[in-house]
Amino acid sequence: MTPVLAIDGPGGAGKGTVSKRLAKEFGWHLLDSGALYRLVGVAARKRDTDFSNIAELADIARNLDVEFRISDEEALVQTWLDGMRVDHLLRSETAGSDASVVAALSPVRTALLERQRAFAQPPGLVADGRDMGTVVFPDAALKVFLTATAEERAKRRFKQLMEQGLSANLRALREEMEARDRRDRERATAPLKPAEDAWILDCTGIGIEAVVAMIRERLQGALSAREG
């Protein structure tokens, strides 16, 4: 069975950066599941789809042509949709809000479930999301629930947007994150929560290098245990 590292947690906790770093170190494939939901929203808006049309949203999800590429030159993973790079569209707060809305729709989640599982190819997969360990990869070699306070997550997001030359309001970012957290926790389908056997890692005040090192060590231990 292809080993999977499942990293779940709320937005802004650093899952994307940590996942990319570990996927690159281990030479594994990468799944940014949050981007899939953002892509559904982006594609829906391009087609002027009404977000109340659940059947059409599920059809969009079912037919997404997406690829994640780890770039040596850039800090972010490249996301390609229908042969076009769409990173700039995915980083907007609108895309984030749309993702939270469509992620709460059971038909959309069902349409994307097998697509996500298909990313698990040798030699391994790092899966970044909100229900990777609870729903998509329940047999993952290691499940990590990466979290941080809403205040710290908002500050990180604010800094990221500023570095990208985008305008942002720190208070608005925090309020949006808290609202998104509530939606994700309270949704009926695959709510945001740690898997029962997940390692809960609060990275508030911890640098990215330390977080990567901690997960690397835990993953190596889990892989050794599987081999034994």
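I began at leucine 5, which stands opposite valine 126 in S6. I kept in mind that this is a predicted model. On another strand, S7, leucine 5 stands opposite leucine 142.

**Entry on strand S1.** I looked up how S1 pairs. Five bridges join S1 to S6, and the two run parallel. Four bridges join S1 to S7, again in parallel. Is S1 mostly covered or uncovered? I found S1 (residues 4-8) mostly covered, with five of its five residues buried. I recalled that side chains in a regular strand alternate between the two faces of the sheet. In S1, Val4, Ala6 and Asp8 point one way, while Leu5 and Ile7 point the other way, and all are buried.

**Entry on S7 and S8.** Next I followed S7 (residues 142-147) to S8, and found that they pair in the parallel sense over four bridges. Threonine 147 stands opposite aspartate 202 in S8. Which residues of S8 are on its covered face? In S8 (residues 199-202), Trp199 and Leu201 make up the covered face, and Ile200 and Asp202 the uncovered one.

**Entry on the core.** I then looked at the largest nonpolar core, which has 59 residues.

**Entry on H2 and H3.** With H2 in view, I checked how it meets H3. Their axes come within 9 Å and cross at roughly 115 degrees, and the crossing is right-handed. Val40, Ala43 and Ala44 in H2 meet Leu57, Ile60 and Ala61 in H3. The residues of this contact divide into six nonpolar, no polar and no charged.

S4 and S5 pair over two bridges in the antiparallel sense, and leucine 81 has methionine 84 in S5 as its bridge partner.

Then I looked for exceptions.

- Aspartate 48 has a positive phi of about 55 degrees although it is not a glycine. I found aspartate 48 in the loop between H2 (33-46) and H3 (54-62). Aspartate 48 is exposed, with a relative accessible area of 71%.
- Aspartate 82 also has a positive phi, near 55 degrees. This residue sits in the loop between S4 (78-81) and S5 (84-85). Aspartate 82 has a relative accessible area of 52%, and counts as exposed because that is over 50%.
- From proline 122 to proline 123 the peptide bond is cis, with omega near 5 degrees. Proline 123 lies in the loop between H6 (106-117) and S6 (125-129).

Key
Residues are numbered from 1 along each chain as its sequence is written. This is a predicted model: local features need pLDDT of at least 70, side-chain atom pairs count only at pLDDT 80 or more; totals for chains, interfaces and linings use all residues. Side-chain values use heavy atoms; hydrogens and water are left out. Buried means under 20% relative accessible area, exposed over 50%, partly exposed in between (1.4 Å probe, protein chains only). Axes are lines fitted to C-alpha atoms, for helices over the stretch in contact, and angles run from 0 to 180 degrees between N-to-C directions. A crossing is left-handed if the near helix is turned anticlockwise from the far one by less than a right angle, and right-handed if clockwise. Contact means heavy atoms within 4.5 Å. Ala, Val, Leu, Ile, Met, Phe, Trp, Tyr, Cys and Pro count as nonpolar, Asp, Glu, Lys and Arg as charged, and the others, Gly among them, as polar. A nonpolar core is a set of buried Ala, Val, Leu, Ile, Met, Phe, Trp, Tyr and Cys residues joined through side-chain atoms within 4.5 Å. Two strands pair if DSSP finds at least two bridges between them.
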